[in-house]
Amino acid sequence: MKSGQKDIFYITGSSKEQLEKSPFLERLKKKNLEVIFFTDPVDKYLMQYLMDYEDKKFQNVSKEGLKLGKDSKDKEIKESFKELTKWWKETLATENVDDVKISNRLADTPCVVVTSKYGWSANMERIMQSQTLSDANKQAYMRGKRVLEINARHPIIKELRERVVKDPEDTSVKTTAQLMYQTALMESGFMLPDPKDFASRIYDSVKASLSISPDAAVEEEDEVEEAPEVENSSSQKEEETDSTPTEEE
């Protein structure tokens, strides 16, 4: 561990290659902090019960409450984005998002979805959902609360703040906020509850970028009438030959 690193940071996932690209590591990499990669399925179960080692606490970098030191501008940033975070939380009311906060773990990514400290991580949730005999009630309880963390320094987030201040009822901005949440959900390792809805939003976004009207309909396919079946002429002749009486008859 780097000198001065107080906690043992770790992240769980299916492979080292996947974890190295995780947005949860952006600020930790910049600070040159050590992070343990847990890629074995049993590790996910183990880390639910292993809280510390040699007086050092374990911190899952994909969960809420990550401590990386305080920024002198933290309070100022939170206040300036207060209107956006409140608006975004209300916009995601149907998505069961518990809160929207300013992130301290992001550098290049606009937003990520984290879980509560004692709930399942995205990877653990995926493992439990794949078990056929898993208890649905336990899954709902252990899933934990989801928090959308946003990168206040990202140009997309800054522009969203300006748009919300200007017109909080703008439908296009709400659609963008929903799409960003679903993208962050997927990038953070969660399974999308409604992939069809996500795909529809992507296609609508593509339409807008191509200046295609959102009401543009798919071209109707021309129906071709099928001709009645005609029996093969050769087989017809054979039948006629068979039915013609011979001289012997």
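**Charged pairs, a surface patch and a cavity**

Lys-16 and Glu-20 form a salt bridge, with 4.0 Å between the closest N and O atoms. The model is a predicted one, and the distances and areas given here are computed from it. Both residues belong to helix 1, which covers residues 16–20. Lys-16 and Glu-20 are four residues apart, about one turn of the helix. Lys-16 has a relative accessible area of 48% and is therefore partly exposed, since that class lies between 20% and 50%. Glu-20 is also partly exposed, because its relative accessibility is 36%.

Side chains of opposite charge can pair when their charged atoms come close. By the distance rule, a side-chain nitrogen of Lys or Arg must lie within 4 Å of a carboxyl oxygen of Asp or Glu, and the count for this structure comes to seven salt bridges.

Another of these pairs is Glu-149 with Arg-105, whose closest N and O atoms are 2.8 Å apart. This pair links distant parts of the chain, 44 residues apart. Glu-149 sits in strand 7 (residues 146–150), while Arg-105 is in the loop between strand 5 (97–102) and strand 6 (111–115). Arg-105 is at 0% and so counts as buried; the cut-off for buried is under 20%.

A further salt bridge joins Glu-162 to Arg-161, with the closest N and O atoms 3.7 Å apart. At 46% relative accessibility, Glu-162 is partly exposed.

Next comes the surface. Ile-202, Tyr-203, Val-206, Leu-210 and Ile-212 make up a nonpolar patch there. Together these residues have about 460 Å² of accessible area. One of them, Tyr-203, lies in helix 10, which spans residues 195–209. Tyr-203 counts as exposed because its relative accessibility is 57%, and the cut-off for that class is over 50%.

Rolling a probe the size of a water molecule over the atoms shows where empty space is left. How many cavities of 30 Å³ or more does the structure hold? There is one. The largest cavity has a volume of about 30 Å³. Its lining consists of Arg-27, Ile-102, Ser-103, Leu-106, Asn-151, Ala-152 and Arg-153. By class, the lining of the largest cavity comprises three nonpolar, two polar and two charged residues.

Key. Residues are numbered from 1 along each chain as its sequence is written. This is a predicted model: local features need pLDDT of at least 70, side-chain atom pairs count only at pLDDT 80 or more; totals for chains, interfaces and linings use all residues. Side-chain values use heavy atoms; hydrogens and water are left out. On a 1 Å grid over the protein atoms alone, a cavity is a set of points where a 1.4 Å probe fits but cannot get out, and a pocket is an open set with protein on both sides within 12 Å along at least five of seven lines; lining residues have an atom within 4 Å of a point. Grid points are joined across faces, edges and corners, and a volume is the space filled by probe spheres set on the points. Ala, Val, Leu, Ile, Met, Phe, Trp, Tyr, Cys and Pro count as nonpolar, Asp, Glu, Lys and Arg as charged, and the others, Gly among them, as polar. Patches are made of residues with over 30% relative accessible area and no salt bridge: like charges are joined within 9 Å, nonpolar side chains (Val, Leu, Ile, Met, Phe, Trp, Tyr) within 5 Å. Accessible areas come from the Shrake-Rupley method with a 1.4 Å probe; for residues, only the protein chains shown count as cover. Helices (H or I, at least four residues) and strands (E, at least two) are DSSP runs, numbered from the N terminus. Buried means under 20% relative accessible area, exposed over 50%, partly exposed in between (1.4 Å probe, protein chains only).
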